[in-house]
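Here are my notes on the model, as numbered points. Please read them with the structure open.

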Amino acid sequence: MTEILTSAQMRALEAREIESGRATGRALMERAGRGVVAALLAHWPALGNQPGKAVVLCGPGNNGGDGFVVARLLRNRGWQVAVGMLGTAEGLPPDARANHDLWRSMGRVAALDAVLAGCAGADVIIDALFGIGLSRPLEGAARRWAEMSAAGLAARVLAIDLPSGLCAERGQPIGVAARAALTVSFHRPKPGHYLGAGPDHCGALEIVDIGIQAPCPEAVLRRVERPAAADLAKVGHKFDNGHALVLCGGYGRSGAARLAARAALRIGAGLVSLGVPGSAQMEVAAQITALMMQRIEGAEDLAAALTDRRLGALCLGPGLGVARAAELLPVALADGRGCVLDADALTALAEVGLRAPLHSGCVLTPHGGEFARLFPDLAEASGSGGEMSKVEATRQAAVRAGAVVLYKGPDTVIAAPDGRAFLHAACYERAAPWLATAGSGDVLAGMIAGLMARGHAPLDAATRGHAPLHAAAQGHAPLNAATMATWLHAEAARGFGPGLIAEDLPEALPQVLAGLAG
Ligand SMILES: NC(=O)C1=CN([C@@H]2O[C@H](COP(=O)(O)OP(=O)(O)OC[C@H]3O[C@@H](n4cnc5c(N)ncnc54)[C@H](O)[C@@H]3O)[C@@H](O)[C@H]2O)[C@@H](O)CC1
Ligand SMILES: Nc1ncnc2c1ncn2[C@@H]1O[C@H](COP(=O)(O)OP(=O)(O)O)[C@@H](O)[C@H]1O
Ligand SMILES: [K+]
């Protein structure tokens, strides 16, 4: 279950399910409500011991309809339930109206403001004001609710589908948004559950199966999955496992490249060389052992080094210096070899305005600042106050660059020029706040380069389990390498935990790789 659906895709699926005759809208709403109650009792088991007190806030659409179902099911379990409503019964869509009427046969519906004023003693508050249908900022009582919950005044808030006010696509409040302890969504998560401020507003996330059988569209955003051990196994001679070249900066600036190179080696490249200018040779030589060193003063030396076809991938950027990056970039990009561009290489690229001949073997790994330098319009459109999601911005950036773009952050989005896109969200059960440490991006760049250099093609589902296919300089495809490295990078941080510094990341990789195999 790796798909992440936009609101439009979710609506289309629901419509297809209903058209197929497999379910009615009412049935889906009933299952949604049942799922919410089950999730509530699973999340707060003490509430299952004896009937509690619930306040249910119902909005003017089907999210409100889910709320009426939950109110009825809790009342049937003996709970005291107060329902507050925004809008009128007449204005509700048909399924929500039917559930409103069912609830009215067993309880009252008050105005939202009145219920909010009396919700202090509730065991749980159900936010069923708005879900994927939110189209403008909250106002009036709905806004007051969002402010109240965001201020932490209301305990045990359960949001149905989304905390009201949160944009399902961008993971940012449209104006203000409620804050929940638990968010229960349906069928598949939405981008807003993972992006930006989404996880903070959602609290914890539960996805409930409501029995939709219609298949997800092919071209959806997917979550980055745990890699298969077979894809990372090492085989044969060191040259069978690929050779990566990490370009290094001058004297006093070699640390970042050394970090990247060590990560490339740890992730399984057979050989890793540092391309070092004369000024840094002594410094680097004193610091490395398993890594190799090659003198690369400028463009000519790099061109000569690249005549070795066993070099499967390059990494340019960490500690490189913008001027050196600008000199080396054209040579590095000339022959279409796998190339990870990070840090100073991205800044150099931004200075020439993406006119360098990027190609589909490149992976660009910008953080927010670098993304804004490379794609200022997309950064603005996806920034605060913009309308575009980080997913869409990354997708467009990949098309424009003709290369894989990995837009970093706790929510990392990875997109290929052909439209495929993946999200790695270091939140909820995969939170890895320790990654916010200097140099961790350098390690990621090295890991990607190491995977791209590795001398066997990734195994697809059809060939998994058979002997890997050997072909020098045919490493992991850039998109695969980027997604796998992102998962392993976060996993290494999660395994190490508090106190992590970038140097620890390559050293934590063996345990992560062993864990995959075990
Ligand atoms: N799509 C599906 O597959 C399913 C949807 N279900 C529920 O249905 C919800 C979607 O229902 P709707 O499409 O009716 O959308 P919502 O219930 O999220 O809200 C839509 C209504 O709110 C109004 N509105 C939007 N922003 C407003 C604002 N700021 N102030 C005042 N009014 C505003 C709209 O005009 C519309 O009337 C989901 O979030 C989910 O909870 C579930 O019943 C299960 C299945
Ligand atoms: N709060 C966070 N949770 C999880 N991952 C994070 C967080 N902050 C940053 N990261 C990750 O840490 C890395 C930081 O990279 P970058 O910003 O380039 O740092 P540096 O330049 O210091 O190496 C990226 O992989 C990014 O996705
Ligand atoms: K909601």
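1. Start with glycine 409. Glycine 409 sits in the loop between strand E16 (404-407) and strand E17 (411-415). Helices (H or I, at least four residues) and strands (E, at least two) are DSSP runs, numbered from the N terminus. Glycine 409 counts as partly exposed because it has 18 C-beta neighbours inside 10 Å. The cut-offs: buried means 20 or more other C-beta atoms within 10 Å of the residue's own, exposed means 12 or fewer, and partly exposed lies in between, with C-beta atoms placed from the backbone. Not counting residues up to four places away in sequence, glycine 409 touches His367 and Gly368. Contact here means C-beta atoms, placed from the backbone, within 7 Å.

2. A word on provenance. This is a predicted model: local features need pLDDT of at least 70, side-chain atom pairs count only at pLDDT 80 or more, and totals for chains, interfaces and linings use all residues. Residues are numbered from 1 along each chain as its sequence is written, while chains are lettered from A and ligands numbered from 1 in the order in which they are written.

3. Proline 410 lies in the loop between E16 and E17. Is proline 410 buried or exposed? Proline 410 counts as buried, because 20 C-beta neighbours fall inside 10 Å. Its contacts, not counting residues up to four places away in sequence, are Ala426 and Cys427.

4. An unreviewed UniProt entry places the feature "binding site" at Lys408, Gly409, Pro410, Asp411, Thr412 and Gly441. These positions spread over 34 residues of sequence but cluster in space, with a largest C-alpha distance of 13.8 Å. Note that UniProt positions follow the numbering used here, feature names are shortened, and annotations may be inferred rather than shown by experiment.

5. Now ligand 2. Of the 17 residues around ligand 2, Lys408, Ala426, Leu435, Ala436 and Gly441 come nearest. A residue counts as near if its C-beta atom, placed from the backbone, lies within 6 Å. Helix H17 (residues 440-453) gives the largest share of this shell, four residues. The shell divides into eight nonpolar, seven polar and two charged residues. Ala, Val, Leu, Ile, Met, Phe, Trp, Tyr, Cys and Pro count as nonpolar, Asp, Glu, Lys and Arg as charged, and the others, Gly among them, as polar.

6. Ligand 1 has 30 residues around it; Glu14, Gly61, Asn62, Gly131 and Gly133 come nearest. Helix H1 (7-19), helix H2 (25-43) and helix H3 (62-76) each supply at least two residues of the shell. The largest share, five residues, comes from H3. By class, the shell around ligand 1 holds 15 nonpolar, nine polar and six charged residues.

7. Eleven strands form an open sheet with mixed pairing, in the order E1-E9-E18-E17-E16-E15-E14-E13-E10-E11-E12. Strand E1 (3-4) and strand E12 (292-295) stand at the edges with a single partner strand each, so one side of each has no neighbour in the sheet. Strands pair if DSSP finds at least two bridges between them.

8. Strand E10 (residues 243-247) pairs with strand E11 (residues 271-276) in the parallel sense over five bridges. Five of the five residues of E10 are buried, so E10 is largely enclosed by the rest of the structure. His243, Leu245 and Leu247 point one way, and Ala244 and Val246 the other way.

9. On confidence, the mean pLDDT (the predictor's confidence in each residue, from 0 to 100) is 93, and 96% of residues reach 70 or more. Residues 456-474 fall below 50, with 30 contacts in the model beyond near neighbours in sequence. The model scores ipTM 0.96 and pTM 0.95.

Definitions and conventions: Two residues are in contact if their C-beta atoms, placed from the backbone, lie within 7 Å.
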